[in-house]
Amino acid sequence: CATMVGSTGPITTIEFEPGVVEDLKRAINTLAPPGLDYEHEKAWQDGNGHSHVQAALLGPSIVLPVRNGTLRRGTWQKVVAINHDKRAINVGTPEK
């Protein structure tokens, strides 16, 4: 199991190539766009209400299969951490 600590950073898997990364950014910003009237922002005035919602949609952990000590994943599948606590979604550098 891989887990992110924090309330605005999920972890997921993706085919880590520019087109899919942009598609994911667009999808997440469509589901929980910055600029909406979030109750969190009313309480804290920190401008990151959307960050918490976006992270919650993907989740803070994933289960990854391991066999004989080796991570098993698809040919193009990469494990990525995403930082939603900025104006743009930043997708982390995938493992090698």
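Leu31, Val53 and Leu57 make a nonpolar surface patch of about 280 Å². A patch of this kind joins nonpolar side chains (Val, Leu, Ile, Met, Phe, Trp, Tyr) within 5 Å, while like charges are joined within 9 Å; its residues have over 30% relative accessible area and no salt bridge. Accessible areas come from the Shrake-Rupley method with a 1.4 Å probe, and for residues only the protein chains shown count as cover.

Leucine 31 belongs to helix 1. Its relative accessibility is 63%, so leucine 31 counts as exposed. The classes are buried (under 20% relative accessible area), exposed (over 50%) and partly exposed (in between), with a 1.4 Å probe and protein chains only.

## The model and its confidence

This is a predicted model, in which local features need pLDDT of at least 70 and side-chain atom pairs count only at pLDDT 80 or more, while totals for chains, interfaces and linings use all residues. Residues are numbered from 1 along each chain as its sequence is written, and side-chain values use heavy atoms, with hydrogens and water left out.

The chain has a mean pLDDT of 88, and 89% of its residues reach 70 or more. The term pLDDT stands for the predictor's confidence in each residue, from 0 to 100. Where pLDDT is low, the predicted coordinates should not be read in detail.

## Overall layout

The chain holds three helices and seven strands. Their order from the N terminus is β-β-α-α-α-β-β-β-β-β. Helices (H or I, at least four residues) and strands (E, at least two) are DSSP runs, numbered from the N terminus.

Of the chain's 96 residues, 28% are buried. The chain exposes about 6,300 Å², and 56% of this is supplied by carbon and sulfur atoms. Among contacts with a separation of 6 or more, 63% are between residues 24 or more positions apart. A contact means heavy atoms within 4.5 Å.

## Salt bridges

The whole structure contains four salt bridges. A salt bridge is a side-chain nitrogen of Lys or Arg within 4 Å of a carboxyl oxygen of Asp or Glu. Side chains of opposite charge can pair when their charged atoms come close. One of the bridges joins lysine 25 and glutamate 22, at 3.2 Å from N to O. These two residues are three apart in helix 1 (residues 18-31), so about one helical turn separates lysine 25 from glutamate 22. An α-helix has 3.6 residues a turn, so residues three or four places apart point the same way. Lysine 25 is partly exposed at 22% relative accessible area, and glutamate 22 is partly exposed at 44%.

Asp37, Glu39 and Lys42 are linked in a network of salt bridges. The closest N and O atoms of aspartate 37 and lysine 42 are 3.4 Å apart, and those of glutamate 39 and lysine 42 are 3.0 Å apart. Glutamate 39 and lysine 42 both lie in helix 2 (residues 39-44), three residues apart, which is about one turn of the helix. Aspartate 37 is exposed at 61% relative accessibility, and glutamate 39 is exposed at 55%. Lysine 42 is partly exposed, with a relative accessible area of 44%.

In helix 3 (residues 49-58), the buried residues are Gly49, His50, Ser51, Gln54 and Ala55. The cover over these buried residues includes helix 1 and helix 2. Just after helix 3, glycine 59 has a positive phi of about 95°.

Asparagine 48 is in the loop between helix 2 and helix 3. Its relative accessible area is 9%, so asparagine 48 is buried. Leaving out residues up to four places away in sequence, asparagine 48 touches Thr8, His40, Glu41 and Asp85.

## Proline 10

Proline 10 lies in the loop between strand 1 (2-3) and strand 2 (11-15). At 1% relative accessibility, proline 10 counts as buried. Apart from residues up to four places away in sequence, proline 10 touches Met4, Ala55, Leu58, Gly59, Pro60, Val80, Ala81, Ile82 and His84. One of these contacts, alanine 81, is 71 residues from proline 10 along the chain, and their C-alpha atoms are separated by 6.0 Å.
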